[in-house]
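Welcome! Let's take a short tour of a structure, stopping at a few places worth a look.

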Amino acid sequence: MSPTSGSLVRLGFLDGEAARAGIAELGEAGPALTSKLAASADPDAALAGLLRLAEAVDDRSAMLAVLADDEGTAMRLCSVLGASEALSTHLAKHPAQWRELTDPTLGTTRPAAFAVRAALLECVGADPLADQPVATVPDVEAVDALRVNYRRLLLRLAARDLAHHLALDDAAAEIADLAAGTLEAALAVARARVGETASTTRLAVVAMGKCGGHELNYVSDVDVIYVFEPADDADEGVALRAATQLAAQLMQVCSDHTAEGTIWPVDANLRPEGASGPLVRTLASHQGYYEKWAKTWEFQALLKARPVAGDLELGQRYVEMIAPMVWSAADREGFVHDVQAMRRRVLDHIPAHEAERQLKLGSGGLRDVEFAVQLLQLVHGRADESIRSTATLSALAELIQGGYVGRDDGEALHEAYAFLRTLEHRIQLHRLRRTHVLPEDDASLRRLGRSLGFFSEPVAQLDKQWRYHRREVRRLHEKIFYRPLLAAVAKLAGGDARLSLDSAEARLRALGYDDPKGALRHLEALTSGVSRTTDIQRTLLPAMLSWFADSPDPDAGLFGFRRLSESLGSTPWYLKTLRDEGEVAQRLAFLLGTSRYATDLLEREPQGVRMLGEDLQPLSAEALTAEMRAVASRQVDPEDAVRAIRAVRRRELLRIACGELVGETDVALVGHALSRLTDATLEATLAVAMESMRTGRGLAAQPARMAVVAMGRYGGFELSYGSDADVMFVYEPVDGVEAQVAGGYAQAVVGELRRLLSLPATDPPLVVDADLRPEGKQGPVVRTLASYEAYYAKWSHVWEFQALLRADAVVGDEGLRERFMALVDPLRFPAAGISESDIVEVRRIKARVDDERLPRGADPHTHLKLGRGGLADVEWTVQLLQMRHAGAVPALRTTQTLAALEAAVDAELIPRPDADVLAAAWRLVSRTRNAVTLVRGKPSDQVPRDAAERAAVARVLGYAAGDSDRMVNDYLRTTRRAHGVVEKVFWG
Amino acid sequence: MGKQEDFVLRALEERDVRFVRLWFTDVLGFLKSVSVAPAELEGAFEEGIGFDGSAIEGFARVYESDMLAKPDPTTFQILPWRSGEGPSTARMFCDITMPDGSPSYADPRHVLKRTLSEAADKGFTFYTHPEIEFYLFKDSPSAGNDPVPVDRSGYFDHTAQSRGSDFRREAISMLEAMGISVEFSHHEGGPGQQEIDLRYADALSTADNIMTFRTVVREVALGQGIWASFMPKPFTTHPGSGMHTHVSLFEGDRNAFYEAGSEYQLSKTGRQFIAGILHHASEISCVTNQWVNSYKRLIGGGEAPSYICWGHNNRSAMIRVPMYKPNKGQSTRIELRTIDAACNPYLAFAVILAAGMKGIEQGLELPREAEDDVWSLTERERKALGIQPLPKSLYDAIGIAEDSELLAETLGEHVYDYFLRNKRAEWEEYRGQVSAFERDRMLPVI
């Protein structure tokens, strides 16, 4: 009975009517074949392919009879026709090859590699037993015969894979064997082309990459390296030419397009010096190169080297020659750095539009697994020969066996890798195209899903499985480095092999920890015990360890984390926040491994960890002042009030420091934020001090109005973390109050303010420095407005006016502030500019400062403040421009260096390129200065001399690890150029 | 530890090496050497040998003086003059690193390596081939006495039993024993003046070889009771000693200077490279000719150029494009004739390469060829032809170098700064010297 179209649709055909007609066309064989067709990946395509094949064969009825009769053959043929359009077309062109699939051993027996090689050699008329087989079939025919027979064997292989469910690693290994045989036959053809001289050379083809790893894809470039030696007594020059020709011809034989298509490109670019190096080299030449020049990634590639064709004995010698180098690669200088750089490069190179559907590259891709496995092999393979398999899955199994990878993690990774690779195979099999991108159309997804056995809802199932496995890879590929470290220190008895302490140390060292013993101790402390806390730590630590490893000082990071965890361990939100909010944990790891300043703040204020999940933008001055006032007002005692104010300040310092460290807050903004934070702190503290002095004196009202004038870098909104706040204090008696009373009061307020801010506490002190006031240290610390006026009218020197350029009355009574600014503006911005003699005086002072102020032993080139092209150079240059021209150019009337510089460009006082050079130096030096404080925990005016600190500063400034001398070089260049501009503009 | 290191350690045993000299070069090009016992070498390969960098010219500021010398095992050689019958001495060149393992920017070898790797990023390798000239004197120098050359012969003279040819034979066999191939050697133009040409090699090997060469030549001379000097211009009246250097770029196996059918078979890359060197000639002068004395060689006539120009087989030009030999595309090259043998070869090769690469990057046009003998032209003719003079003194050269971004970039800020400061000091010291010339001229008449 013939099926209805409805029943066919239920079976999986999409076009029921066409299927019914097609099956009818198959005649008696139709019913028997229906279920086989329906079980294929794409029943409609399978049926169409079968009909096309039946048209083409000579003995249609015989074929249909065999198919109807032999379930195995029918199943193999239908599954190939349903999954691979390319093989279906191949069969239509070479219909007789359907008989290949009648071989009953296909379901049970893996073809031997030597048999594959022999079959392919014979098809080009070469003797498989010869020492150097040479093709005897005429060239054009041989090239075609090789293609046809390659596909014939591929057809058998695909049938085994699809119909008999080969395990992924078996399929991949068989594909690699087929490739090896093909290379051998291609070499035989090449020998025929080269002729006589071919025998002067012994050429070995060593496969690299997936072919070398015995885990090839259906369609892939085949990576090879050629090694040659002169045969017997042949001249090396002759042998070199012959070998080069052979190698080049071999590649052409494989990659040329003929009427029978192409096989695959052979890629020899992994050879020494890549595409620009010679195609073939002798063993000694290879050795010379690898010993001298090779980079870490080359050794990683060499992990997979395997002789596959040509002179196998020579190939074997090559592999033996490189093995010791490969297995000691992990001891090489900069190994860790190289490996991390390689990984970043891979991630950077994926085109964005493909990243989401890439199977190979990208986060959670096949490359992640391969990379992780190879890295572990390189790290542990030197000491342990049992983990040197070239194939990814075998190596993974060995790593699990040896305890280098946790069993559960390893198995999950195995499953995910096998799934993703199988999916990749099925995608490639369809058109025999090299692609690693999951298609997007439903028809393709349906075919792929069904080929993987998802018969109900194939598209949704496939999507779900794919996402799941990709997520697994993403989750596991980093963790497998770190989890076994925890097992190594765990006291728990377990059945699985455990990483030995020695291996754990080796791994920690390879990952960048300088003190692996100490690190293991911290790990033990963090994970010992059976409480809930340690459970969470165990899940958290693998990721934390990897983030520490990326930071400049992994050891400090881990130690800091231990201390933080010990002080916060039982706090309910702490570990939960870290576990649930990945970004917080990652930022924390970076801060702890980079910045002593931030670590110190965090240890005093562990609550700050929470902030890492928040917006790190600095708060506005208004919000800060309001909050500080509010917390102060809740305290009765002034000391308690200021302690509360300072706690807010400490929290905000952490916010600003974190913002700069994670790169969210620009250096100019950091200066603003720190200055505003100081404004708020002084404002709130001044209020507390005034109130306290008023009540202490039993006064009903404030006897004077007071204000604080920001000076120096504080006035310029350019504070750094460690800077003192330069200020001047001014007051004004309230009408009717005696001058003496008001003066005594103001004096007392200032004393109290400074005392309160310098009380010992757990936050970085805020040093209020009033030395820039008139008469310096000899002068009274606070003056009336009238006294300032009288002083400046009578005594003042040009350097005092220069200091006033940065004056900004920011805190205290608003009216008084305005009156103070009105007083100083005409002094600092003289309408006609400063006189020639004053210009000379400024230059003379600068010359003396350059000479005298630099501390003994300081290096003038790397001194941030007073060095060549440093902050003072740039700022004095800008200030001189201001003093000369601000009277005429109102835009120059600003306390801020960069703003003044911009205004000077607009007013054409300095050419744009010169100003850019100055601004670049100013920004770089300021950033460096901040970075130095953040790294060291305390300020310094010198680019660090200590190598570790210098490296960390380089990292904060965005340099890669190992680039610290480059950072210094850039610093020197930038400041040298700035100095050149200063020479021109300042010194005139 | 790699195979090469193992090889060295084995050789120490087999050859009965008692001392290993670790060689490196200071910023001015003087060879520095520290001896270690073989037992310490394994540690030296792994961690380097610590030394006080501040004691070496131009290496370090006092506070960061800890530096490490890491021997490069591929440069291992037995020193033939230290090895008679008994135990022998070997040497290796070192790379200088900071305590954290990052390469030191003060190490001239690193300056060259960095420049080479920048060129390699663009696909080029740099080959050089120096012709080194030097004088042989009868006695070691002593202040106040005029040096006496070992003979009175001239260019290519063949002299029976001459000390010069004995000397060359021994020096060459010693160089060959150290794996340095010699291409050519002959008597040069001045009395006692010799020339030995080294075989083509990549620039780093050549620079190492030049350092070795200078040592070997001086050792051999001492062994024969005579004195060898690479001073650029020891005599007022006789020719100076230069180091004409042939250079070429390769892209993989292919000579990038060669292009069949173009003028002189010189490719566009080659022309731009020359243009780059000419464009920056004045800036790099203080590195290729780094001594006060160097500029006395560059005064008109003979083999030494004084003007920035190029020519085909024009021996008065700063850069000469040698005659092309048919079917020798791979040997297309250009000859730079300013450089002298008293330079620091690492720095000199680095700045030449960098200048040439600038020409390629910026696609500079090659100025017209100088066809005449440049010295025979009048000042006005040269002006009309746009031919600029090279700096006339170290002072001029420093002044130009101080404005050179190319030099700063290539040498690195540290070396650049140190080098110029040192040269400035040399000039200041020289400026204050009262010379025999002045006395001879003035005492008798005024």
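## An exposed residue in a loop

A:Glu908 is exposed, because 9 other C-beta atoms lie within 10 Å of its own. By the cut-offs used here, 20 or more such atoms within 10 Å make a residue buried, 12 or fewer make it exposed, and anything in between is partly exposed, with C-beta atoms placed from the backbone. You will find A:Glu908 in the loop between α41 (897–906) and α42 (912–936) of chain A. Helices (H or I, at least four residues) and strands (E, at least two) are DSSP runs, numbered from the N terminus.

A:Glu908 is not a glycine, yet its phi is positive, at about 60°. Most residues other than glycine have a negative phi.

## How to read the model

This is a predicted model, in which local features need pLDDT of at least 70 and side-chain atom pairs count only at pLDDT 80 or more, while totals for chains, interfaces and linings use all residues. Residues are numbered from 1 along each chain as its sequence is written, and chains are lettered from A and ligands numbered from 1 in the order in which they are written.

## A buried residue in chain B

B:Gln265, also not a glycine, has a positive phi near 55°. Its loop runs between β13 (254–255) and α6 (268–279) of chain B. Is B:Gln265 buried or exposed? B:Gln265 is buried, with 20 other C-beta atoms within 10 Å.

## Where the chains meet

Here, 22 residues of chain A are in contact (C-beta atoms, placed from the backbone, within 7 Å) with 25 residues of chain B. On the side of chain A that touches chain B, α44(A) gives the most, with six residues.

Definitions and conventions. Two residues are in contact if their C-beta atoms, placed from the backbone, lie within 7 Å.
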